[in-house]
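Hi everyone, thanks for coming. Let me put the sequence and the structure up on the screen, and then we can walk through it together.

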Amino acid sequence: MTNLSDQQIKFYNEKGYVAPIDVLSIQEANEIRKEIETIEKKWPNALEGLGRNYVHMISPVFNDLCINNKILDAVESIIGKNILICGTTLFIKNANEKGFVSFHQDAKYIGLEPHNWVTAWIAVTNSNEENGCMRMWAGSHKENLKNHEQKFDDGNLLTRGQTIENVPIEETEPVVLKAGQMSLHHPTVIHGSGLNKSNDRRIGFVVQSYIGSNVDQVLGKIYVQKARGEDTHKFHEYSNVPKELMAKEDIVSWNNAKGELSKIFYSGSNKKGKY
Ligand SMILES: O=C(O)CCC(=O)C(=O)O
């Protein structure tokens with residue numbers, strides 16, 4: 001078992017995140033990148049917009065990544081042994097594009113209650129201050145949910161451009177990861193990320209999130225996979241485990257799941273963004 005140490009758990013409880021955690025070799029991280037770039041080449045646009053979600057439903061490589069034991073051991077240290085995968089998202093910032101993530105709290109619009117869940121951000125490429133790594137406002141998870149302005153601005157990788165105003169950047173901490181490392185963050189920690197100013201892509205594969213089996217979706221319908229332990233509450237429907245990349249029947253389920261997810265993302269909003 002590669003559970004988090006007491007020190008790492010203390011860090012998470014105090015700051016609302018913990019990093020870096022070694023989970024993949026550099027070769028394994030490169031294989032994940034290759035899978036993304038294969039999909040992009042063979043199925044142009046498939047991973048764009050809403051398509052950046054739930055890729056573990058159509059790719060065995062991503063499904064296997066979600067059940068990686070090193071990841072799950074660390075996750076278990078935070079949410080306990082009954083773990084479900086409730087969603088995944090690719091956060092890709094290409095070089096020379098205007099991608100950024102405004103400061104926000106994940107719990108604001110995601111509908112997962114209670115907050116016995118954690119988000120795993122797995123670095124497929126290096127992620128650092130030059131290419132726009134995440135920045136955490138340490139300790140902010142101890143406060144309540146904040147007001148978010150819905151800005152829908154171009155370049156914002158968040159669905160509604162949801163933004164907490166007046167976050168003091170200089171007080172936020174960069175989460176620097178090498179390809180193959182991950183961070184874990186709390187549902188209410190305030191975080192965001194800036195532009196990619198490097199010459200290469202910055203790619204994060206995000207399990208958003210690992211939930212305890214006691215967590216319900218109060219805004220709509222999600223499709224889960226068992227990661228570890230028992231599903232004690234059976235709140236959610238299960239998706240199929242993909243056996244090959246982009247199998248026809250998996251694409252049908254994927255499209256349906258993305259449609260349901262979109263309803264959650266834009267619940268209560270009279271406007272839709274591009275994701
Ligand atoms: O990839 C990023 O820069 C931000 C991702 C994020 O906000 C999240 O994983 O909750």
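Let's begin with Cys66, which is buried, at a relative accessible area of 0%. By buried I mean under 20% relative accessible area, with exposed being over 50% and partly exposed in between, using a 1.4 Å probe and protein chains only. Cys133 is buried as well, with a value of 2%.

A quick word on the source: this is a predicted model, where local features need pLDDT of at least 70, side-chain atom pairs count only at pLDDT 80 or more, and totals for chains, interfaces and linings use all residues. Residues are numbered from 1 along each chain as its sequence is written, and side-chain values use heavy atoms, with hydrogens and water left out.

Back to cysteines. A disulfide is a covalent bond between the sulfur atoms of two cysteines; here it is counted when the two sulfur atoms are within 2.5 Å.

Now the nonpolar core, meaning a set of buried Ala, Val, Leu, Ile, Met, Phe, Trp, Tyr and Cys residues joined through side-chain atoms within 4.5 Å. The largest has 57 residues, and those touching the most other members are Leu90, Met182, Leu184, Phe205 and Tyr210. If you follow Met182, you will find that it touches Val18, Pro20, Ile71 and Trp121, among others, leaving aside residues up to four places away in sequence; contact here means heavy atoms within 4.5 Å. There is also a second, separate core of 14 residues, including Trp121, Met134, Met136 and Leu157.

Next, Glu260. Where is it? Glu260 sits in helix H6, residues 248–265; helices (H or I, at least four residues) are DSSP runs, numbered from the N terminus, and so are strands (E, at least two). Is Glu260 buried or exposed? Buried, at 17%. With residues up to four places away in sequence not counted, Glu260 touches Lys221 and Tyr223.
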